[in-house]
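These are my notebook entries on a single protein chain.

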Amino acid sequence: MRLCADTLQRKTKEYTGDDTDRLGAFKAAAALQHTSPERALAGMLAKHIVSLYDMCFDDGASYDIGTWNEKITDSLNYLFLLKAIVKEGHTNQPN
């Protein structure tokens, strides 16, 4: 969890620029694709899941722990961001 939090913190400026909305990139992607932020994020998450799936089923390869950590951390972070998007859309409902 610490690695996830550190990664999200480190990449904040890269993905949000000066925007105070940390979910702004997903909202912008949604607008470009004429869809919802949830669906835009799901499309981005799919790339990471496919990569993990390929690694899991690649019988001929061995991946170092750094590669596994990066792929798993990125996937988890997309799920945390999805939770934030969903929660933002349901502000009157309990966690």
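Entry 1, contacts. I looked up F26 and found that it touches P37, A40, L41, M44, Y78, L81 and I85, with residues up to four places away in sequence not counted; contact means heavy atoms within 4.5 Å. I note that this is a predicted model, in which local features need pLDDT of at least 70, side-chain atom pairs count only at pLDDT 80 or more, and totals for chains, interfaces and linings use all residues. Residues are numbered from 1 along each chain as its sequence is written, and side-chain values use heavy atoms, with hydrogens and water left out.

I recorded the largest nonpolar core as 7 residues: L23, F26, L41, L45, Y78, L81 and I85. Such a core is a set of buried Ala, Val, Leu, Ile, Met, Phe, Trp, Tyr and Cys residues joined through side-chain atoms within 4.5 Å; buried means under 20% relative accessible area, exposed over 50%, and partly exposed in between (1.4 Å probe, protein chains only). Helix 4 gives the largest share of this core, 3 residues. Helices are DSSP runs (H or I, at least four residues), numbered from the N terminus.

I listed its buried residues as A40, L41, L45, H48, S51, L52 and M55. Their cover includes helix 2 (24-33) and helix 4.

I located I72 in helix 4 (residues 65-89). I classed I72 as partly exposed because its relative accessibility is 38%.

Methods:
Helices (H or I, at least four residues) and strands (E, at least two) are DSSP runs, numbered from the N terminus.
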